[in-house]
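Please look over the structure below before reading on. The briefing that follows covers its pockets, its cores and some features of its backbone.

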Amino acid sequence: MGTSRAGTPMWLLSVGHGSRQALVVAGPHANEPVGGATVLRLAERALADPRLTEGADATWNLLLCLDPDGSRRNEGWLPGPYTLGRYIRNFFRPGFLEQPEWLPDGAAGAALPETRALLGLQDELRPFLQCSLHGVDIGGGFVELTHDLPGFDRRLAHIAARLGIPRELGAYDALYWPGLGPAVYRIPPPRRAGLAAAITEAAVESTWFHPYRHGTVTAVVEAPMWGVTAVADDSPPVDRDAVLRAVSRTLRHDTDLLRHLLTRIRPYLATVPDAARLLAPVDDYLLVCPGLADAWDPDTGDSPAHPLPPLSTAHLVALRISGRRLALRTAGLLHQLVRAAGRDPAGALPELDRLIDQWCADYRDGCGARWIPVARQAEYQARVVLAAFDLAGRRARARSGSGEPVPMQRD
């Protein structure tokens with residue numbers, strides 16, 4: 001259904017012949033591979049259970065990978081063994097402007113061929129449901145919806161409990177978004193925003209909202225790779241401000257360390273093939289980290305004009321994880337740049353190894369991060385998609401039966 005920037009074919013697997021279209025997008029972020037396993041599992045279930053196709057008058061459209069070029073750059077850790085250190089040292093995720101679901105210039109200004117292919121598919125199918133399959137590297141599972149699906153939070157709780165997946169009750173991604181139930185968040189309508197604001201509080205223009213005009217319900221399904229039990233702790237924090245100050249102080253300290261390392265490394269990167277692709281996310285992370293630290297700091301960000309939302313222990317755990325994640329990703333990308341250069345005259349590699357090992361140990365020992373087997377990640381994600389399919393289908397039928405205008409599914 002399209003071709004990537006590097007010429008890789010983008011494959012769409014369709015199951016069923018119904019008039020109502022469901023669209024499931026795997027691999028929108030290069031470092032979140034579980035969706036590829038999930039869509040194959042969904043295809044097998046749709047083939048085996050006619051209630052999901054003929055019985056629902058539905059066709060399943062499964063986009064196997066939205067960013068195949070970026071995904072290939074993660075092959076250094078994909079075969080395992082699955083350790084945080086191996087993941088970080090081989091981590092890749094493109095800069096914000098090269099992430100195919102983001103539309104910083106609106107749909108008309110979409111520059112990436114992967115983005116244009118997805119937009120065209122959305123407008124052709126006009127699906128009643130779109131599911132975007134994401135992965136949380138460290139934390140818990142949660143779902144973001146463009147429309148409320150009553151009862152979805154209860155189904156999510158049941159699925160997570162059965163599979164031992166912690167629910168992220170204070171997701172950093174949705175810090176300023178309204179809740180639709182535990183671990184379920186409402187995606188606000190998009191607005192134009194600067195980079196830092198887009199990350200901290202705003203829903204930017206995206207392919208999540210593009211098919212809204214067709215009546216599409218979009219569900220962004222997040223499944224964790226390393227689970228942290230404390231992200232499900234919705235108790236009041238003992239000392240909110242002390243934790244926020246510590247998280248902000250740590251992020252500023254880590255950012256300063258990484259900036260100095262980048263300054264030492266950058267002069268030796270001129271001969272590194274495609275160094276710009278690795279430097280783009282590094283520059284993005286180092287650009288936004290100070291603003292995030294200020295936004296989370298009660299002494300600078302929690303003002304009457306821009307107050308922080310009420311925060312539970314789960315929120316504070318998620319913020320701690322998120323701040324360190326940005327530093328770890330940056331360190332991992334710098335580590336790859338030095339290795340690719342084939343020499344280290346700045347002596348940065350031992351320091352990067354020390355930081356990566358120390359910060360991974362903090363996740364493992366300080367947060368209790370534990371690997372969740374791939375089969376369980378995929379099963380969780382598949383069951384969440386099937387719950388959304390059922391409830392979104394009921395919503396579409398109810399709107400049709402009530403006489404409310406429903407956008408055509410096909411031209």
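In this predicted model, α1 (34–48) supplies the largest share of the lining of the largest pocket, with 4 residues. That pocket holds about 320 Å³ of space, and 19 residues line it. Further points are grouped by topic below.

**Largest pocket**
- Besides α1, the helix α2 (68–72) also supplies at least two residues of this lining.
- The lining residues closest to the centre of the largest pocket are Pro33, Gly36, Leu64, Cys65 and Ser71.
- By type, the lining of the largest pocket consists of 10 nonpolar, 6 polar and 3 charged residues.

**Second largest pocket**
- The second largest pocket has about 190 Å³ of space.
- The residues lining the second largest pocket are Leu52, Arg155, His158, Ile159, Arg162, Arg383, Leu386, Ala387, Phe389 and Asp390.
- They divide into 5 nonpolar, 1 polar and 4 charged residues.

**Nonpolar cores**
- The largest nonpolar core has 63 residues, and within this core Trp296 and Leu334 touch the most other members.
- Two or more residues of this core come from each of α3 (84–89), β10 (217–227), α7 (240–265), α8 (275–296), α9 (313–341) and α10 (348–366).
- Among these elements, α9 gives the largest share of the core, 14 residues.
- Apart from neighbours within four places in sequence, Leu334 has contacts with Leu258, Leu261, Leu262, Ile265, Val282 and Leu352.
- There is also a second, separate core, which has 56 residues, including Val15, Ala22, Phe142 and Ile165.

**The loop between α2 and α3**
- Asn74 lies in the loop between α2 and α3.
- Asn74 has a relative accessibility of 0%, so this residue counts as buried.
- When neighbours within four places in sequence are set aside, the contacts of Asn74 are Ala30, Asn31, Asn90, Phe91 and Phe92.
- Pro81 is found in the loop between α2 and α3.
- The peptide bond that runs from Gly80 to Pro81 is cis, and its omega is near 0°.

**Backbone angles**
- Most residues other than glycine have a negative phi, and most peptide bonds are trans.
- Arg126, which is not a glycine, has a positive phi of about 50°.
- The position of Arg126 is in the loop between α4 (113–125) and β6 (129–139).
- Ala183 is another residue other than glycine with a positive phi, and its value is near 65°.
- Ala183 sits in the loop between β8 (179–181) and β9 (184–186).
- Is Ala183 buried or exposed? Ala183 has a relative accessible area of 2%, so this residue is buried.

**Annotation from the record**
- An unreviewed UniProt entry carries the annotation "domain: Peptidase M14" for residues 1–72.
- In the model, residues 1–72 are 28% helix and 28% strand, and the end C-alpha atoms of this span lie 19 Å apart.

Technical notes: Residues numbered from 1 in each chain as written. Predicted model: local features only at pLDDT ≥ 70, side-chain atom pairs only at ≥ 80, totals over all residues. Heavy atoms only, no water. Core = buried A, V, L, I, M, F, W, Y, C linked by side-chain atoms within 4.5 Å. Buried < 20%, exposed > 50% of the residue type's maximum accessible area, 1.4 Å probe, protein only. Contact = heavy atoms within 4.5 Å. 1 Å grid on protein atoms, 1.4 Å probe; cavity = no way out; pocket = protein on both sides within 12 Å on 5 of 7 lines; lining within 4 Å. Points joined across faces, edges and corners; volume = space filled by probe spheres on them. Nonpolar A, V, L, I, M, F, W, Y, C, P; charged D, E, K, R; others polar. UniProt positions renumbered as here; feature names shortened; annotations may be inferred.
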